[in-house]
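Okay, thanks for coming, everyone. I've got one structure to walk you through today, so let me put it up on the screen.

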Amino acid sequence: MTKMHTLLLPLFFTFLTLSQSQPHSDAPPSSTVCIIGAGIGGSSVAHFIRKYSPDLTPTTKIQVFERNNIVGGRIATVTIAGETFEAGASILHPKNLHAVTYTKLLKLKDAVDRFSKYYEETGSRPIFETVDEMLKWSGLFNLTTRTLQDELVDAGLSPLLINELVTVITRINYGQSVYMSGLGGAVSLAGSGGGLWSIEGGNFQMAAGLINRSEVALHLQEEIKSVADLGDYYELNSTKGNSYICDVAVVATPLDELNIQFIPPISIPERKLQHTHATFVRGLLNPVYFGLKAAAKIPDLVATLEDPKLPFTSISVLKEHNEEESTYKIFSRQPMTDILLDSIFSVRKETIRINWAAYPQYHAPEIFAPFILDGRHLYYVNAFENAASTMETSAVAAENIARLILSRYFGKVSVHSSNLNLKASSQEEDAHLDL
Ligand SMILES: Cc1cc2nc3c(=O)[nH]c(=O)nc-3n(C[C@H](O)[C@H](O)[C@H](O)COP(=O)(O)OP(=O)(O)OC[C@H]3O[C@@H](n4cnc5c(N)ncnc54)[C@H](O)[C@@H]3O)c2cc1C
């Protein structure tokens, strides 16, 4: 979740192509791929289609629809007192969390190593038609069938250690307890032990940069409200009253809380999203609330256990402006009311609240939605989010979707799925033993 690379992509908003709506008429003369959502998932689908098949560029249009007025989705920034901070996907410093020790103790890096199989050369790496196949191939599937708690108990950790220390990490990363699925938990734990990464000016620039480089028509502030299969093509209708004709349609956003109408209807397993309330406060914490004598004694990160009486998951210092004033980020499962904030802070000059439909509520065993929603050319990137929700996993799922499109619609690459079952079973067993 907090894997660190240094990736600097230029900010080219001014060059983003804004295109006009297309008339509602015949099928387009060239192929059109329509992508709903300009987060890291949608922008990565566009990027990988272009990367793997540059020859399609003159004849294949990529249209990206984004309901917000900015790309990035759950990678977004807030500005407080003129300074910019990550509001959603950010980084997590492992220093206070014992994560490095756990990672070594539990061999959780093995889960990360397995994940890195998705970066192997495309020549030897299959294109996956289902999330199950994809996870089985890397040996990660079994981790989605048991809870993190079960995996850790089997690894010999005492319930006290799990409940008091591992819980802190899963709560910060996913707002959930150790009863979440083992894979989500492993990603949360193993990721926090690595180096950190972030992009100056905001991580959302990754999505912006990818869109800019991928020759797409970007429709900002255009929400898609329906997707109809009209036989040879799809018709997308937006809340602006525009219709778009697409040969391939990609859903790159979680469908769980959306009202997009699919004609004919699609069927996906029910999934609940964990809401994380991110509250940003410029001010000063009240030491009395924490049973301390001075604000300076309050640690930079206050994390909490699973206790219904505790009103927040974590409070961290984003920036100390001076002794009297810092900017803090609070994560909580419920909104932070003014009354509550006034008891936690002795000074509160500015407050910004964001209610994120943040990530799936993870359960074991996980049941995955299909990548291919209709057996034709309607794809769903966020089916993979039941495995784990990170910027990186979104990009990995998006790459697979791009390869599926190139293979199934454009006939570009062959699907190497014949050996899947064989490889899967042996690696799944390994995954279990390692944990
Ligand atoms: C508080 C928080 C902290 C996190 N911390 C981390 C972290 O430290 N590290 C990490 O790697 N990950 C983190 N994550 C997870 C990470 O943000 C997500 O996994 C990732 O950004 C998902 O990207 P996505 O493109 O799949 O979806 P999204 O980013 O949700 O993108 C979907 C896009 O689709 C748009 N959209 C939705 N419906 C429509 C429609 N009908 N028409 C047009 N557009 C539409 C949305 O506006 C959105 O822009 C965090 C998430 C949250 C909320």
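So, which helices and strands each supply at least two residues of the shell around the ligand? Those are helix H1 (40–52), strand S2 (60–66), strand S11 (273–285), strand S15 (345–360) and helix H10 (391–408). Keep in mind, by the way, that this is a predicted model.

Staying with the ligand: 39 residues surround it, and the closest are Gly 37, Gly 39, Gly 41, Gly 73 and Ala 89. If you sort the shell by class, you get 19 nonpolar, 15 polar and 5 charged residues. And both domain 1 (14–75 + 199–271 + 364–423) and domain 2 (273–360) put in at least three residues each.

As for handedness, H1 passes H10 in a right-handed crossing.

What does S13 pair with over 3 bridges? That's strand S12, residues 301–303, with S13 covering 314–322, and the two are antiparallel. You can find Val 302 standing opposite Ile 315 in S13. Then S13 is also joined to strand S14, residues 325–332, by 7 bridges, again antiparallel. Over there, Lys 319 sits opposite Thr 327 in S14. And S13 and S14 make a hairpin, with 2 residues between them.

While you're looking at those strands, remember that in a regular strand the side chains alternate between the two faces of the sheet.

Okay, that's me done. Over to you.

Terms used: Residues are numbered from 1 along each chain as its sequence is written. This is a predicted model: local features need pLDDT of at least 70, side-chain atom pairs count only at pLDDT 80 or more; totals for chains, interfaces and linings use all residues. A residue is near a molecule or strand if its C-beta atom, placed from the backbone, lies within 6 Å of it. Helices (H or I, at least four residues) and strands (E, at least two) are DSSP runs, numbered from the N terminus. Ala, Val, Leu, Ile, Met, Phe, Trp, Tyr, Cys and Pro count as nonpolar, Asp, Glu, Lys and Arg as charged, and the others, Gly among them, as polar. Domain bounds come from an automatic or database domain assignment. Two strands pair if DSSP finds at least two bridges between them. A crossing is left-handed if the near helix is turned anticlockwise from the far one by less than a right angle, and right-handed if clockwise.
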